[in-house]
Amino acid sequence: MSPEARARIEQDRREVLRLYGLGNAWLAAALLAAAREAQSAAPQLAPGECTYNARLIWGIVPEVARRLGVVRLTTNEIDWESRELSDYELRVRAGHALKNIGYTILPGWRMLSRDIGNGNVVVFALDRLCPGRLGDREDPIVRNLTELAACRGRPYDGIWTPAMNLSGELDDQGEGEGLVLDAEEECDVVPLRPGA
């Protein structure tokens with residue numbers, strides 16, 4: 001593997017750990033920022049369009065962010081179908097979208113289209129809203145992660161953790177180590193206060 005590829009993998013790993021360690025409001029702000037970057041990077045995807053990519057960035061991700069703590073969405077980001085879903089139904093809809101989009105490095109998309117098993121920020125957020133239930137065949141996220149955990153010999157109890165894809169590093173350090181963020185790391189996103 002080239003040094004550039006190794007550096008990119010390490011950078012992605014560190015970003016996953018950073019995002020995983022964010023509080024709900026910060027994670028919501030990061031999600032909404034990524035969705036808006038993806039909207040700008042793919043202007044051909046219109047709000048209300050019936051494709052997985054468009055539904056993800058114009059409806060699902062903004063709604064997940066709203067439920068986690070971001071209250072200001074643009075009119076185009078309000079998807080009334082998603083708004084009326086229960087947390088579980090939103091999780092299932094998001095899971096279908098995530099499994100049907102391809103990975104891309106376009107701005108915003110890089111974070112949102114990351115493989116579910118390797119740490120996808122949408123999955124982190126969904127796990128906080130509605131943790132997966134082992135054995136749930138209707139939940140594409142649970143199905144994917146249950147199979148992957150079995151293949152990798154990693155723990156999975158319905159919530160994705162860094163232990164799913166990190167090698168022996170977690171055997172040497174506590175799972176929570178490396179997830180504490182200082183103020184400088186968190187200043188990249190600014191969550192909206194309720195009622196703002």
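**Notebook: a helical chain, looked up piece by piece**

I started at Gly108, which touches Ala34, Glu37 and Ala38, leaving out residues up to four places away in sequence; contact here means heavy atoms within 4.5 Å. The model is predicted, so local features need pLDDT of at least 70 and side-chain atom pairs count only at pLDDT 80 or more, while totals for chains, interfaces and linings use all residues. Residues are numbered from 1 along each chain as its sequence is written, and side-chain values use heavy atoms, with hydrogens and water left out.

**Entry 1: Gly108.** I located Gly108 in the loop between α5 and α6. Helices are DSSP runs of H or I with at least four residues, strands are runs of E with at least two, and both are numbered from the N terminus. Is Gly108 buried or exposed? Gly108 counts as buried because its relative accessibility is 8%; buried means under 20% relative accessible area, exposed over 50%, and partly exposed in between, with a 1.4 Å probe and protein chains only. I also checked Ala33: it is 75 residues from Gly108 in sequence, but their C-alpha atoms are 7.5 Å apart.

**Entry 2: the whole chain.** I counted 10 helices and 0 strands. Of the 196 residues, 46% are buried. Among contacts with a separation of 6 or more, 65% join residues 24 or more positions apart. The accessible surface comes to about 10,100 Å², and carbon and sulfur atoms hold 51% of it; the area comes from the Shrake-Rupley method with a 1.4 Å probe, and for residues only the protein chains shown count as cover.

Entry 3: In soluble globular proteins, nonpolar side chains tend to be buried together. I then listed contacts of Leu112 beyond four places in sequence; among them are Leu31, Ala34, Leu56, Val61, Leu98 and Val122.

**Entry 4: helix α7.** How many of the 9 residues of α7 are buried? The count is 8, so α7 is largely enclosed by the rest of the structure. The buried ones include Val121, Phe124, Asp127 and Leu129. Their cover includes α1, α2, α3, α5, α6 and α8.

**Entry 5: rings.** I found 3 aromatic pairs in the whole structure. Tyr20 and Phe124 form an edge-to-face pair, 5.4 Å centre to centre with 80° between the planes. Rings of Phe, Tyr and Trp (its six-membered ring) pair if their centres lie within 6.5 Å; planes under 30 degrees apart are stacked, over 60 edge-to-face, and the rest tilted. Tyr20 sits in α1 (residues 3–20) and Phe124 in α7 (residues 121–129), 104 residues apart. Both Tyr20 and Phe124 are buried. With Trp160 they form one aromatic cluster.

**Entry 6: Asp139.** I placed Asp139 in the loop between α7 and α8 (140–152). Asp139 counts as buried because its relative accessibility is 0%. Beyond four places in sequence, Asp139 contacts Tyr88, Arg91, Val92 and Gly132.
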